[in-house]
Amino acid sequence: MRLFLLALLIISPFSHSEELSAKDWLVNMSQALSETQFKASVVQIQADHVRPLVFLQGTVDEKRIAYLEYLNGPPKNAVKVNNTVTFLEHDQPPYSVNANLIQGVWPVSLYGDISKLEQGYQFVLGGRSRIAGRAGQLIRFIAKDEYRYDAQIWLDLETYLPLRYDTLNRDKQLLEQTMVIELIEFTDSPSILVEASKHDWPEVIKQADRKDAQDWQFTWLPQGFSMVVSDNHRLIGIHEPVEYIALTDGLANISVYVARAPEAPMPEELVTRNGLSMVVEKVGNAEVVALGKVPSQTLERIARSLALK
Amino acid sequence: MVKSSQEWVSAAVDGEVDAQTLTQLASDVDSHQEWQRYHMIGDTMRGELPAAIDLDITASIAAAIELEPTIMAPKNSPAIEVQGVESKTPKTSNVVSLFKQFGQYAIAASVALVAIVGVQSYDQSQDVESPLPVFNTRPLVGTMSPVSLQTGPVTNQQGYTNEQVLEQRKRINAYIQDHMLQQRLNPGVQVEQANQAEINQ
């Protein structure tokens, strides 16, 4: 009887995974991302830029701890204890923000409710390949319209954790790639996470200068995009007050700014090699700036459909 | 006679003869080979033998001397003519590459400008007016690869002054940095964690 159960245990994950739909895979992934304790060594590739990093997450004394460290260049780390993320960088004092995850490795929406992504993307099951010495299952995020970029993700067959994530432009060219090169699961948290749980991190910063924005609305938005934040703050660096609206469809984040038009004219359109586009629309003596990792035509249309209620 | 002449030569090689005997020996052509051989033997015994023994150096030198003027004199002037013809093409290509280089420097300079402006904006955000502590948002949310300008006036085609271009870049940088910073600061930009019940279904 015991043997039979054991056999069943061994067989069941395999037979089970055969039947999984693309969405099941993603749902399992988002659960794994929030529950599994693991260490991942990762490289991020953007155009001709490669950045190695290491990411750990685990539970210490019922606290969810995560740690991210960039391995090249000046030290840059981030530590998450429950819902506070502290950024430690060489050139400024550490500061904390409220957030339930450390950004910068996988798209934030992969940690959350996958069904939100379905409005803009179709999930398609792809083939299997070997990544970081593990078997990976490919799932494609096919954009449902031409207003956003495609993406694809490989998930570990054993743990459902992401092994590789690519963003592709409309011509299916690679914009960005995040790839695990080593993935280790652990049951006892490593000392660095235990230390992080005991350390006193700075208080969450107060953003006192944030005012409410005007009643902005969009006459048109691509399917799946919605307004998540709108406020009035000063731009970092040039201290100019701007009206700010954040839009997201889960994978792509778009920021829309309304500011007084500067004396020096701005370029109408600008594209960086990692896929970030920026579009500037002049409306009277104001300028509407939209930027995000989507095709610039999308930004142009979004910027033009901004209106006051 | 033969024997004694050999002894003479041997003595001459060792430097044991006077000048008179030496001139006598010099006039004796047969002894020349002996002289050479004795020197060779002496060299071998002292271990001064070169790696390749050219036994007839005098002949090769004579041949070289004979060849030299005939090679040098006639070939000199045609060579100049050929150079004159050829030098035209490389010169034009030099000009082209110079322009190319110039363009590359301009591009490199503009990229550097973006980088510098980025740094400057950090510095400036340290003053009291700053809404927040200094944030270097670039590394954690994603690096900026050099901005490639597809369209628009940034490429200074329309005769903007340097200052205007600088101002533009500063502003563009501010927007890009703020875009990334907001994603970090606003939990609202992040999609909230799904409730576990939903996931477990």
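Helices (H or I, at least four residues) and strands (E, at least two) are taken here as DSSP runs, numbered from the N terminus. On that basis chain A comes out with 4 helices and 20 strands. The model is a predicted one, so local features need pLDDT of at least 70 and side-chain atom pairs count only at pLDDT 80 or more, while totals for chains, interfaces and linings use all residues. Residues are numbered from 1 along each chain as its sequence is written, chains are lettered from A and ligands numbered from 1 in the order in which they are written, and side-chain values use heavy atoms, with hydrogens and water left out.

Chain A has 309 residues, and 57% of them count as buried (under 20% relative accessible area; exposed is over 50%, partly exposed in between, with a 1.4 Å probe and protein chains only). Taking contact as heavy atoms within 4.5 Å, 48% of the chain A contacts with a separation of 6 or more join residues 24 or more positions apart.

Next, the inside of chain A. A nonpolar core here is a set of buried Ala, Val, Leu, Ile, Met, Phe, Trp, Tyr and Cys residues joined through side-chain atoms within 4.5 Å. The largest has 73 residues, and the members touching the most others are A:Leu26, A:Leu110, A:Phe123, A:Phe141, A:Ile153 and A:Val256. At least three residues come from each of domain 1 (10–198) and domain 2 (211–308) of chain A, with bounds from an automatic or database domain assignment. Another core, of 19 residues, lies apart from it and includes A:Val242 and A:Leu291.

A:Ser129 sits in strand β7 (residues 121–131) of chain A and is partly exposed, at 32% relative accessible area. Beyond neighbours within four places in sequence, A:Ser129 is in contact with A:Arg134, A:Ala135, A:Gly136 and A:Trp154.

Over in chain B, helix α3 (residues 29–46) has 18 residues and reaches 27 Å from its first C-alpha to its last, close to the 26 Å expected at 1.5 Å a residue (1.5 Å times one less than the number of residues). Buried in α3(B) are B:Ser31, B:Glu34 and B:Gly42. Seen down the axis, the buried residues of α3(B) fall within an arc of 75°, so they line one face of the helix; the arc is that of the directions from the helix axis to the C-beta atoms. The face turned away from the buried side carries exposed B:Val29 and B:Gln33.
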